[in-house]
Amino acid sequence: MSVTWYECKVKYRKTQETGEQKVATDTYLLDAISYTEAETRINEEMAAYTSEEFMITNIKVSNLSEVHAVENSDRWFKSKIALIAYDENSGKERKTNIYMLVQANDVKEAYDNTIDAMKGTTGDYTIPAIAESPILDVFPYFTGEEEQLEKFNVIEKTEAPKEEVLSEDEVE
């Protein structure tokens, strides 16, 4: 099941380190099934984040295909990945671009994290661009089932079932 990511711009009064209040517009990313759900979710997330009034100024569908969070990283980078396919009919290479959001502390780390995220890819690809994203935070949608599924998969991998061998008497 593919995820639809929405970029939401929120305008609110932000308290600076000096104690001064300044109006800021920040971009957040969340997944949802519709614009209506995206608006509801960003309202819930921002209500928990700030006690000040805020206004949602824009919601748009993002062109991101994947989001990869990395611990101990504080910035988000948008990686452009060109998937390379050989067209046998024309004899030419064809490139299809996809975009991925990776978390990192700098561009070099973002490149390394993009390479890690692409491990297991069977086709050829290049990374023509990586740029820092204006996205401040990402709010993925979790129902709780995902965590249970992950725990089950871990248990299943560690406790592989043992095959029983039946004797001839037990088979009959």
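**Salt bridges, nonpolar cores and confidence in the predicted chain**

Residue K119 is exposed, with a relative accessible area of 62%; the classes used are buried (under 20% relative accessible area), exposed (over 50%) and partly exposed (in between), for a 1.4 Å probe and protein chains only. The structure is a predicted model, in which local features require pLDDT of at least 70 and side-chain atom pairs count only at pLDDT 80 or more, whereas totals for chains, interfaces and linings use all residues. Residues are numbered from 1 along each chain as its sequence is written, and side-chain values use heavy atoms, with hydrogens and water left out.

The chain comprises four helices and eight strands, where helices (H or I, at least four residues) and strands (E, at least two) are DSSP runs numbered from the N terminus. Read from the N terminus, the order of elements is β-β-α-β-β-β-β-α-β-β-α-α. Of the 172 residues, 25% are buried. Among contacts (heavy atoms within 4.5 Å) with a separation of 6 or more, 62% join residues 24 or more positions apart.

Five salt bridges were found in the whole structure, each defined by a side-chain nitrogen of Lys or Arg within 4 Å of a carboxyl oxygen of Asp or Glu. One of them pairs D26 with K14 at an N to O distance of 3.2 Å. D26 belongs to strand β2 (residues 21-31) and K14 to strand β1 (residues 5-15), so this pair ties together parts that are twelve residues apart in sequence. D26 is buried at 12% relative accessibility, while K14 is partly exposed at 25%. A further salt bridge joins K108 and D112, again with an N to O distance of 3.2 Å. These two residues lie four residues apart in helix α2 (residues 107-117), a separation of about one helical turn. K108 is exposed at 59% relative accessibility, and D112 is partly exposed at 31%. K119 takes part in a salt bridge with D116 (3.4 Å, N to O), the latter residue being partly exposed at 43%.

In soluble globular proteins, nonpolar side chains tend to be buried together. A nonpolar core is here a set of buried Ala, Val, Leu, Ile, Met, Phe, Trp, Tyr and Cys residues joined through side-chain atoms within 4.5 Å. The largest such core has twelve residues: Y6, C8, V10, Y12, Y28, L30, A32, A38, I42, M46, I59 and F139. Two or more of its residues come from each of β1, β2 and α1 (35-49), and β1 gives the largest share, four residues. Another core, of nine residues, lies apart from it and includes M100, V102, I127 and I130.

The chain has a mean pLDDT of 84, and 81% of its residues reach 70 or more. Strand β3 (residues 54-61) has the highest mean, 95, and helix α3 (residues 145-158) the lowest, 51. Over residues 155-160, pLDDT stays under 50, and the model has zero contacts beyond four places in sequence for these residues. Where pLDDT is low, the predicted coordinates should not be read in detail.

Note on methods. pLDDT = per-residue confidence, 0-100.
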